[in-house]
Amino acid sequence: MLIFARLVFLLLGIAFSVLVAIGQQDDDDDLLLIEIEGFEVFSNSMKIIDGMTGREYTGEHPVILGFRREFDTILTKYHNKLLLDEAKRLKERAEIIKPFTEELAALASRFGIDGFAVTGPHLTRELSIFKRMAKDPFFNIEELVVWDLHHLGKDPSKLPDNKYAKNIRFNAETGEWERRVTTKWEVSWITPDRYRRQVYKFKEQGLNLETQKGYHFSAGLRPDVPSNAFQDVKLQYPIFYNTGETVETQVKQLTHNFLLNLIYIYDPYSWVLRGNTRFRGGFQRQLHEHIKKRPLPISDREWFDRVLSHFLNDIVTLRYWGPDEIYDLQMLSADPRNSHQLGVGLDLLNWQKGENRQVDFDPDAPVEIPDISFHNPHRARYVLLDAYRRYGDTFLDALVDRFLALEKRGSGKELVKEAIAAVSGVSADKYIPAAIQVQKAELKRFARE
């Protein structure tokens, strides 16, 4: 039996305990030690299936055998890369929580809002997934399904009536055969409390292996998920061979394509948030909840509380990551496709009769730039962001001074307008429309096609 050798990853600067006790710094000499127990090679029990017959492949075509030899190496290296990259991301996230929230707390205290802190436990889902991956791979590729392009020709009516044929099709528009992979990631556990409730969550994914476009649907994941709740992800992986090119060229192309597709289909972390939005955005929501509980001399609290929490969170974000972080995340969040697409674009892959995957938006509609209105508590942040980017802490100081000078309940909107006029030298009624146009242009820079 082929056994994957035990690996040890050493990362300088932080002990593994920091991934559990967030923000607890250790000496620089400490090491992050992640030890992966020995486990079977991913595809040791994988069968090679002849797609045309539906039976186990018994031939010796050099393209098939050559690609099969590369299979384990690719999967193993990519699995290890996922672990190492996630260890680094968890380390970075752990290190940022304490200083980021301390800066937020300091800014909030300038408005007389004390006591802000973000309480844990943090990263519980991520650590459960990480521990599961370190112990055993998620992926179980049960069958490598091989298709002879010479036998397929260009007649889809020649496809056999078996379960493997549902994952290939002839695209009349491109004149090419296409393959797909569909997967279901399942999580199931019994809660450890006295109620002993059964919890079941899943996410489904599919990818066109030629275009790298697909779909992603997730039922979410609870923070208390244990690492042993994740079940193996079983799938079939189809390949085409006998294209008339040399064996070496075909094996190289299949290997490259497999790695390219693996990046998208082996996606263990995107349950609640997609990979391009995970660990982003700061702690605005938590700060907003904290501000709501404090008495403030403001009449329009619903507007002011949210705007202030966004503004302070944006200031700290600017300090750590710069303005592009704010606009890029906003445009990703504004694009409904980002929640459901897998790979480089959205494709629901409804290839077969009875398949009717749907989304509740028009996937072909261009992404609209979010409407910015000073009266919208979610979007007024961009007016304040514009003022801060132009005038820096001078604008913040003007806002704090006017807030602290309130002797009775006043309007938060008027407070902000007065601060804008004081630092800009023009009336807020003139400044705000101009700022909105500038901020829309900034957002537009990050709109995806």
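## Burial and the Setting of Phe240

A residue counts as buried when its relative accessible area is under 20%. In this predicted model, Phe240 has a relative accessibility of 11% and is therefore buried. Phe240 is located in strand β11, which covers residues 233-241.

Beyond the residues up to four places away in sequence, Phe240 touches Trp147, Leu149, Leu152, Ile168, Trp177, Glu178, Arg179, Glu210 and Leu254. The C-alpha atoms of Phe240 and Ile49 are separated by 12 Å, and these two residues stand 191 residues apart along the chain.

## Overall Architecture

The protein chain has 449 residues, of which 49% are buried. Its secondary structure comprises twelve helices and twelve strands. Taken along the principal axes, the box filled by the C-alpha atoms is roughly 85 × 50 × 45 Å.

Contacts between residues at least 6 apart in sequence were also classified by separation: 75% of them join residues at least 24 apart.

## Nonpolar Cores

The largest nonpolar core contains 56 residues. Within this core, the residues with the most contacts are Phe111, Phe311, Leu312, Phe395 and Leu396. Two or more residues are contributed by each of the helices α1 (62-109), α5 (284-292), α6, α7 (323-334), α9, α10 (393-404), α11 (412-424) and α12 (428-444). Helix α6 supplies the largest share, nine residues.

Phe395 illustrates the surroundings of a residue in the largest core. Leaving aside neighbours within four places in sequence, Phe395 is in contact with Phe311, Leu384, Ala387, Tyr388, Ala419, Ile420 and Val423.

## Packing of α6 against α9

Helix α6 spans residues 301-321 and helix α9 spans residues 381-391. The two pack at an angle of about 40 degrees, and their axes are 9 Å apart. At this angle α6 and α9 are therefore oblique to each other. Their crossing is right-handed.

On the α6 side, the contact involves Val307, His310, Phe311, Asp314, Ile315, Leu318 and Arg319. These residues meet Arg381, Leu384, Leu385, Tyr388 and Arg389 of α9. By class, the contact of α6 with α9 has seven nonpolar, one polar and four charged residues.

His310, a residue of helix α6, has a relative accessibility of 11% and so counts as buried. Apart from its neighbours within four places in sequence, His310 is in contact with Gln284, Pro377, His378 and Arg381.

## Packing of α9 against α12

Helix α9 also packs with helix α12, at an angle of about 90 degrees and with the axes 9 Å apart. These two helices are therefore roughly perpendicular to each other. From α9, the contact is made by Tyr382, Val383, Leu385, Asp386, Ala387, Arg389, Arg390 and Tyr391. The residues of the contact of α9 with α12 comprise eleven nonpolar, one polar and four charged.

## Backbone Features in Loops

Gly120 and Pro121 are joined by a cis peptide bond, with omega about 5 degrees. Pro121 belongs to the loop between α1 and α2, the latter helix covering residues 124-135. Leu123 is found in the loop between α1 and α2 as well. Although Leu123 is not a glycine, its phi is positive, at about 60 degrees. With a relative accessible area of 10%, Leu123 is buried.

Phe279 likewise has a positive phi, of about 65 degrees, although it is not a glycine. Phe279 lies in the loop between α4 (247-265) and α5. Its relative accessibility is 17%, so Phe279 counts as buried.

Definitions and conventions:
Residues are numbered from 1 along each chain as its sequence is written. This is a predicted model: local features need pLDDT of at least 70, side-chain atom pairs count only at pLDDT 80 or more; totals for chains, interfaces and linings use all residues. Side-chain values use heavy atoms; hydrogens and water are left out. Axes are lines fitted to C-alpha atoms, for helices over the stretch in contact, and angles run from 0 to 180 degrees between N-to-C directions. Helices (H or I, at least four residues) and strands (E, at least two) are DSSP runs, numbered from the N terminus. Angles under 35 degrees count as roughly parallel, over 145 as roughly antiparallel, 65 to 115 as roughly perpendicular and the rest as oblique. A crossing is left-handed if the near helix is turned anticlockwise from the far one by less than a right angle, and right-handed if clockwise. Contact means heavy atoms within 4.5 Å. Ala, Val, Leu, Ile, Met, Phe, Trp, Tyr, Cys and Pro count as nonpolar, Asp, Glu, Lys and Arg as charged, and the others, Gly among them, as polar. A nonpolar core is a set of buried Ala, Val, Leu, Ile, Met, Phe, Trp, Tyr and Cys residues joined through side-chain atoms within 4.5 Å. Buried means under 20% relative accessible area, exposed over 50%, partly exposed in between (1.4 Å probe, protein chains only).
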